[in-house]
Amino acid sequence: PDYCQALAAEAAGRGIDFLDCPVTGMRPRAFEGTLALMPGGDSAVLERCREALEAMGSIFHCGDIGMGMVAKLAVNGVGMGTAGLLIEARAMARAHGMDLDLLMEIMTQSTANSFVVQNWEALRPILPHVMSVGVKDVGLCAAAAESKNTGSTMFRAWQSVDWASLKPEDT
């Protein structure tokens, strides 16, 4: 968020309007035009860009510059945490002899349901990449939390896992 705010200040000094506008939803939603867009910045600037942005998905105006990035960090922090928990839950279930297809069906119909659970089969092949990017994102999320003196215990615990050693059978 701080970087976005500094970049916006530099752009304003040159007469350039600025939005920070991270997106979430992964490749399939990008192709479908159903991403979630999280712009931060002036409402008038957003309105000038609305038509182009709406072609990509739903717009959630997050407030001032940097708030789009705050939303994205929060979304990624929860998503990465969910993926890590799901990997461990599946490993535990597999070790006990549970049918993993049945487990995933149960999860989609229970309190464990989430974007990660619903899209697990699409995520599995790219999981090593997703988790390596997640280390960066979760670190940024923890740093943003710490910059405002809020909790980051779960983010830091997730970040301490050796995700690079993740093997396909672990997922």
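Predicted model: local features only at pLDDT ≥ 70, side-chain atom pairs only at ≥ 80, totals over all residues.
Helix α8 covers residues 127-147.

Asn149 follows α8. It lies in the loop between α8 and α9. Asn149 is not a glycine, yet its phi is positive, about 60°. With a relative accessibility of 74%, Asn149 counts as exposed. Met26 likewise has a positive phi without being a glycine, in this case about 70°. Met26 is found in helix α2, residues 26-32. Its relative accessible area is 30%, which makes Met26 partly exposed.

The strands form an open sheet. There are three of them, in the order β1-β2-β3, and the pairing is mixed. The edges are taken by β1 (23-24) and β3 (57-59). Each edge strand has a single partner, so one side of each is left without a neighbour in the sheet. Strand β2 (residues 35-37) runs parallel to β3, and three bridges join the two. Within this pairing, Ala36 has Ser58 of β3 as its bridge partner. Helix α3 (residues 43-54) packs on the sheet and touches β2 and β3. The direction of α3 makes about 160° with that of β3.

The cysteines were examined next. The structure holds zero disulfides. For Cys4, the closest cysteine sulfur is in Cys21, 11 Å away. A disulfide requires the two sulfur atoms to be within 2.5 Å, so the distance from Cys4 is too far for a bond. The sulfur of Cys49 also has its closest cysteine sulfur in Cys21, at 8.6 Å, and this too is too far for a bond. Cys4 is buried, with a relative accessible area of 9%. Cys49 is partly exposed, with a value of 30%.

Note on methods. Residues numbered from 1 in each chain as written. Heavy atoms only, no water. Helix = DSSP H or I, 4+ residues; strand = E, 2+ residues; numbered from the N terminus. Expected span 1.5 Å × (residues − 1). Pairing = 2+ DSSP bridges. Contact = heavy atoms within 4.5 Å. Axes fitted to C-alpha atoms, helices over the stretch in contact; angles between N-to-C directions. Buried < 20%, exposed > 50% of the residue type's maximum accessible area, 1.4 Å probe, protein only.
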